[in-house]
Amino acid sequence: METRNPSHERLERTPEAFLQNMVDSLYYSRGANARSATDYDYYMVFSRTVRNYLIERYRRTVDMRYEVNPRFVYYLSAEYLLGRQLQQNLLYSQTEDVARAALKDTRFALEDMIAHDVEPGLGNGGLGRLAACFLDSLATMDIPAVGYGIRYEYGIFRQEFRDGAQVEQPDDWLALDFPWEFAWSDAMIPVGFGGHTEIYQDSNGRYHSRWNPAEQVMGEPHHILVPGYGTETVNVLRIWRARAASEFDFRLFDIGDYASAVQQQVHSETISKVLYPNDNTPQGRELRLRQQYFFVACSLVDIIERLKRSGNTIDDLADKAVIQLNDTHPVVGIPELMRVLMDDYDMEWHQAWEITHKTFAYTCHTLMPEALEKWPVSLFERLLPRHMEIINEINRRFLADVSVRFPNDYDRLARMSIIEDGGDRQIRMAHLAVVGSFSVNGVAALHTQLLQERVLHDFYEMWPERFNNKTNGVTPRRFIRQANPRLSALITDKLGDEEWLRDLDQLAKLEKFVDDADFQAQWRAVKAANKVDLADAILIHLGIRVNPESIFDVMVKRLHEYKRQLLKAFHIITLYNRLKDDPTLQMTPRTFVFGAKAAPGYYMAKLIIQLINSVAEVVNNDPVAGKTLKVAFLPNFNVTLGELIYPAADLSEQISLAGKEASGTGNMKFALNGALTIGTLDGANIEIRDRVGAENFFLFGMRVEEVLSLKAQGYHPGDYVAGDANLKRILDQVGSGVFSGGDASLFQPIVRSLLDRDEFMVLADYQAYIDCQDEVERAYLDADAWTRKSILNAARCGFFSSDRAMRQYCEDIWKVQPLPVH
């Protein structure tokens with residue numbers, strides 16, 4: 001059937017046409033009328049009207065791709081931190097002015113509509129936000145691409161604080177209709193679990209293994225449009241909801257066993273309930289593996305169906321598709337594709353492996369051992385028995401190749417094996433990813449270097465050509481244009497147009513204005529207005545009145561000990577002690593802004609959150625220190641909150657222990673919005689410092705080599721306490737109840753952890769950090785010099801665009817070309 005253009009009148013970009021679209025949608029989609037409609041009804045029809053302008057572009061995108069049959073990028077990620085969609089889609093559909101005009105004579109303002117928009121609960125931290133930035137850039141660059149993930153019903157969690165402690169609540173982002181998704185309930189895909197395998201012989205005498213799953217779950221696809229900026233291309237994010245194969249047992253219901261009647265539905269749909277369920281229990285670990293296999297299995301079926309719908313055969317898969325594994329979560333896709341090719345398409349091992357190995361590429365996002373996932377062999381044997389057989393065979397053949405390359409090196413064989421032997425044998429998913437992929441990339445220069453030299457050194461020695469670096473990036477459309485409209489307007493005014501939003505290197509042209517007094521004044525005015533906005537939000541959400549003229553010292557990121565929010569807390573206590581010791585001390589006012597979620601099962605991280613909130617309670621209410629210092633820990637940090645915080649920051653805290661952070665992207669968002677960085681030589685900090693200039697970056701702390709050397713010779717944290725009266729005082733205060741209402745036991749685990757191990761060397765870097773913060777205060781007093789540094793940070797960070805990162809992936813790894821939609 002031929003596709004037909006919708007009526008031109010319906011898609012006209014006039015206020016009258018936009019308003020008529022809203023009215024039609026209110027009557028014919030919502031089933032409401034103007035008098036009975038709620039505010040949410042109007043938000044829904046407004047959003048769907050905006051979506052209509054993208055649907056036409058999506059139709060033409062699909063038609064073009066069927067016509068040309070290009071090579072596709074398929075991006076597999078366990079999370080996508082998209083942010084709210086309405087404001088972005090107004091910008092990308094070029095309907096913001098029309099929409100505002102359409103609402104002029106109604107009781108609604110555009111801001112009312114935007115306020116109703118909810119943030120999809122599909123992600124948590126940097127991994128998910130990076131995936132969202134990459135999808136944005138791929139569409140903007142006209143690259144044929146599809147993202148795949150899970151449609152989590154309750155996200156990770158909504159964070160609240162009670163007595164300073166984190167409390168997790170369901171993130172019910174789907175409680176009301178979500179206008180940006182399309183459900184495809186008639187295209188569900190069956191996914192098997194458990195059961196057993198059996199050997200059988202075909203008519204040609206060949207032996208095969210057949211998997212007979214004991215359980216089946218259905219994957220229901222939903223997709224969200226991903227438009228490009230300044231282009232006609234619209235890609236999609238396809239996310240899977242778990243549904244029961246049989247949702248209701250009428251026989252059990254009929255005899256009164258109502259709970260059992262829906263037990264299968266509850267069991268199946270648990271898979272897509274929550275992002276990253278607590279894996280401290282066997283049930284939690286099993287659920288995580290179920291999630292990973294579920295979305296990968298559904299996605300591979302969809303990828304192969306797309307391949308065949310374009311007239312290709314399964315033999316063409318590696319030529320027409322590249323599948324990027326975003327960390328280890330989707331790595332089970334490697335044995336799953338092998339299973340599909342051998343069991344469903346009757347391929348021999350060699351042919352199936354040739355296609356699989358040429359199809360997958362792997363991005364490693366960590367240096368932390370616990371983040372390099374391992375799964376018990378016993379769990380795989382029970383849940384995915386056929387995949388366990390395939391992994392064993394991959395490992396057998398791989399170790400045979402290693403033995404040929406490095407004969408008689410048995411220690412190397414043990415280190416490189418996909419199966420880690422021992423009491424509880426484990427599958428090393430990062431090893432499987434490297435063996436099964438044609439490309440392995442890190443996400444910052446130092447990170448890639450450490451992967452090659454330490455974490456995956458044996459694999460690098462075997463296949464150096466597979467390893468490459470692709471430094472992360474962020475989309476300027478969301479994190480400058482949308483988050484910081486004042487700065488965006490100033491940049492556009494100086495550069496003459498908005499082409500910089502598609503070519504961020506053009507920010508370098510701002511350097512010629514760096515010493516222009518008028519431009520500096522405009523730059524400061526933008527920052528000052530953004531700080532007032534954040535100060536207002538802090539007052540509304542926390543009831544804390546902060547000084548917009550103070551230094552806004554900001555640390556927002558996932559809470560993990562290696563990121564060292566604890567070191568930041570110790571800096572606050574240091575300043576508090578100085579003021580208590582000398583109330584007449586002249587100190588530049590500071591507002592410390594925190595935002596961070598801790599994993600529900602991460603006890604120490606949650607205790608650090610409680611400590612920071614407890615320090616805030618004491619400092620903010622102190623009659624002396626509270627006049628100069630304020631601490632604001634905003635709950636439930638997400639993209640929406642980040643868009644308010646990044647533009648307002650004066651100082652960006654990037655203080656992880658050197659050698660622990662893979663890259664970071666918050667550091668890039670802050671710098672592009674004119675914040676100065678205080679940080680270690682870790683992750684992408686190194687590349688930011690190289691580009692903005694050492695004089696425009698506050699550096700402190702040990703280098704990677706010094707960290708490794710100190711650990712090798714024996715790190716004794718108590719020595720640093722014994723030699724530093726200020727540090728000893730802080731630990732005594734934390735451990736004696738000064739910040740916990742006299743409860744000396746509450747924060748003792750933090751003190752004991754530092755004195756016994758201090759795994760992330762907070763105590764070793766403490767004094768260097770305090771000295772560097774004193775340098776920050778002196779620098780801030782010179783407003784012109786600080787503004788100059790701020791401008792140069794933004795002007796010299798054009799490299800950190802996700803467009804640049806995607807261009808490098810496309811050229812170096814994926815070998816895909818843009819396909820503009822006409």
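Predicted model: local features only at pLDDT ≥ 70, side-chain atom pairs only at ≥ 80, totals over all residues.
Helix α23 (residues 565-581) and helix α30 (residues 725-736) have axes that come within 10 Å and cross at roughly 100°. Angles of 65 to 115 degrees count as roughly perpendicular, so α23 is roughly perpendicular to α30. On the α23 side the contact is made by Phe570, Ile573, Thr574, Asn577 and Asp581. On the α30 side the contributing residues are Leu727, Arg729, Ile730, Leu731, Gln733 and Val734.

Helix α23 also contains histidine 571. The relative accessible area of histidine 571 is 1%, so this residue is buried. Leaving aside residues up to four places away in sequence, histidine 571 touches Asp553, Arg590, Phe592, Tyr769, Ile770 and Gln773.

Arginine 578 lies in α23 and aspartate 774 in helix α32 (residues 762-780), so the pair ties together parts that are 196 residues apart in sequence. Arginine 578 is partly exposed, at 29% relative accessible area, whereas aspartate 774 is buried, at 19%.

The structure holds 61 salt bridges. Three of them are listed here.

| Salt bridge | N to O distance |
|---|---|
| Arginine 60 – glutamate 56 | 3.4 Å |
| Arginine 288 – aspartate 279 | 3.7 Å |

Arginine 60 and glutamate 56 are four residues apart in helix α2 (residues 39-68), and therefore separated by about one helical turn. An α-helix has 3.6 residues a turn, so residues three or four places apart point the same way. Arginine 60 is partly exposed, with a relative accessible area of 22%, while glutamate 56 counts as buried at 14%.

In the bridge between arginine 288 and aspartate 279, the arginine counts as buried at 18% relative accessibility. Aspartate 279 is partly exposed, with a relative accessible area of 32%.

Helix α17 (residues 429-436) is mostly covered, with eight of its eight residues buried. The buried residues are Met429, Ala430, His431, Leu432, Ala433, Val434, Val435 and Gly436.

Tyrosine 28 has its place in helix α1 (residues 15-28). Together with Leu19, Val23 and Tyr27, Tyr28 makes a nonpolar surface patch of about 400 Å².

Terms used:
Residues numbered from 1 in each chain as written. Heavy atoms only, no water. Patch = residues over 30% accessible without salt bridge, like charges linked within 9 Å, V, L, I, M, F, W, Y side chains within 5 Å. Areas by Shrake-Rupley, 256 points an atom, 1.4 Å probe, with all protein chains shown as cover. Salt bridge = Lys/Arg side-chain N within 4 Å of Asp/Glu carboxyl O. Helix = DSSP H or I, 4+ residues; strand = E, 2+ residues; numbered from the N terminus. Axes fitted to C-alpha atoms, helices over the stretch in contact; angles between N-to-C directions. Parallel < 35°, antiparallel > 145°, perpendicular 65-115°, else oblique. Contact = heavy atoms within 4.5 Å. Buried < 20%, exposed > 50% of the residue type's maximum accessible area, 1.4 Å probe, protein only.
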